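Subject: Structure handover

Hello,

Here is the structure you are taking over. Please open it and keep it in view while you read the notes that follow.

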Amino acid sequence: MIDFSTKAKNTWCPGCTNFSILAAFKNALNDLAGEGYSKDNFVMVAGIGCHGKIPDYVDINSFMSLHGRDVASAEGIKAGNPNLTVVSFAGDGDAYAEGMEHLVHAAKRNANITLFVHNNQVFGLTTGQVTPTSPKGYRGRSTPFGSPEEPLNPLAVLLASGATFIARAWALDPDKLKEIMKRAVKHKGFSIVDIIQPCITFSDTRAHFKDKVFYLDQNWPTNDWSKAMQKIRENSDKVPLGVIYEINKPVFEEQL
Ligand SMILES: Cc1ncc(C[n+]2csc(CCOP(=O)(O)OP(=O)(O)O)c2C)c(N)n1
Ligand SMILES: [Mg+2]
């Protein structure tokens with residue numbers, strides 16, 4: 001087992017569900033190293049937010065970007081040296097608010113990078129303001145009377161934009177999360193994993209999601225765009241997890 005820990009002091013809240021994402025990622029790295037991926041070829045990129053501290057806690061090359069600019073930085077790193085395995089970590093505010101234009105275009109051009117979104121449905125680090133994925137009625141620092149807006153469905157936007165790998169995961173199931181992370185890294189092209197990551201301090205949705213999440217069937221047809229869109233937009237009380245969509249298409253860096 002390779003030790004990917006660092007000496008940095010961890011400053012997440014005690015019990016933060018990001019610890020589970022960190023553990024899953026380290027285990028995924030360890031497996032991938034055993035499958036021929038070079039530890040030295042990995043680069044992790046992050047935005048700004050609670051999620052953005054994750055590179056401090058993993059002993060691989062990393063680049064801490066600006067808020068909402070992690071995807072653009074990851075694209076630049078990959079275009080500059082296509083031999084690198086580039087994995088970006090973003091918050092929901094980071095990816096779906098500030099960084100949305102970069103995200104849509106990275107999906108459109110099928111940049112060969114992987115994005116893990118810590119979707120806690122809140123601007124966590126800045127103490128609980130509403131983000132594009134906060135539920136209607138969410139009460140936080142900027143919406144004390146409840147958010148009047150319907151949340152955005154980011155996976156529908158990304159599927160429509162041309163993403164070639166779309167998955168959803170649950171932070172509190174690190175074993176399955178690890179497997180989904182590995183598939184996303186191995187996918188050639190733009191891959192996104194939206195990780196439902198309850199913020200225990202400002203939006204504690206652990207109990208809410210616990211009984212709602214379920215894994216898609218083994219036989220789910222991952223290459224069917226219409227079925228994927230239907231599943232992503234399904235108006236249901238249940239939240240599907242796993243790889244929802246995956247196809248092969250030429251990647252941006254090879255066509256440059
Ligand atoms: C351009 C810019 N806008 C705003 C901020 C302030 N800011 C820092 S972290 C943050 C919230 C991050 O929320 P999210 O991306 O969801 O990550 P989380 O903290 O929830 O993991 C904001 C708004 C900033 N640093 N830069
Ligand atoms: Mg957030």
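What percentage of the 256 residues in the chain is buried? Buried residues make up 45% of them; a residue is buried if 20 or more other C-beta atoms lie within 10 Å of its own, exposed if 12 or fewer, and partly exposed in between, with C-beta atoms placed from the backbone.

Before the details, two notes on sources. This is a predicted model, in which local features need pLDDT of at least 70 and side-chain atom pairs count only at pLDDT 80 or more, while totals for chains, interfaces and linings use all residues. Residues are numbered from 1 along each chain as its sequence is written, and chains are lettered from A and ligands numbered from 1 in the order in which they are written.

Overall form

The chain has nine helices and eight strands. These are DSSP runs numbered from the N terminus: helices are H or I with at least four residues, strands are E with at least two. The C-alpha trace spans about 50 × 45 × 30 Å along its principal axes. For 256 residues, a compact globule would have a radius of gyration near 18 Å, and the 17 Å of the chain agrees with that. The radius is taken over C-alpha atoms, and the globule rule is 2.2 Å times the number of residues to the power 0.38. Of the contacts between residues at least 6 apart in sequence, 70% join residues at least 24 apart; a contact means C-beta atoms, placed from the backbone, within 7 Å.

Ligand 1

There are 19 residues around ligand 1, and Gly-49, Gly-91, Gly-93, Asp-94 and Gly-124 come nearest. A residue counts as near if its C-beta atom, placed from the backbone, lies within 6 Å of the molecule. Helix α3 (residues 92–98) gives the most to this shell, with four residues. The shell has five nonpolar, 11 polar and three charged residues. Here Ala, Val, Leu, Ile, Met, Phe, Trp, Tyr, Cys and Pro count as nonpolar, Asp, Glu, Lys and Arg as charged, and the others, Gly among them, as polar.

Strand β4

Six of the six residues of β4 (residues 114–119) are buried, so the strand is largely enclosed by the rest of the structure. Thr-114, Phe-116 and His-118 point one way, while Leu-115, Val-117 and Asn-119 point the other way. Strand β4 runs parallel to β3 (residues 85–91), joined by five bridges, and parallel to β6 (residues 191–196), joined by six. Strands pair if DSSP finds at least two bridges between them. Phe-89 stands opposite Phe-116, and Thr-114 opposite Ser-191.

Ala-184 lies in helix α6 (residues 174–186) and counts as buried because it has 23 C-beta neighbours inside 10 Å. Beyond four places in sequence, Ala-184 touches Thr-114, Phe-165, Ala-167, Ser-191 and Val-193.

Leu-152 lies in the loop between β4 and α5 (154–161). Leu-152 is partly exposed, with 16 other C-beta atoms within 10 Å.

Regards

Key:
Two residues are in contact if their C-beta atoms, placed from the backbone, lie within 7 Å.
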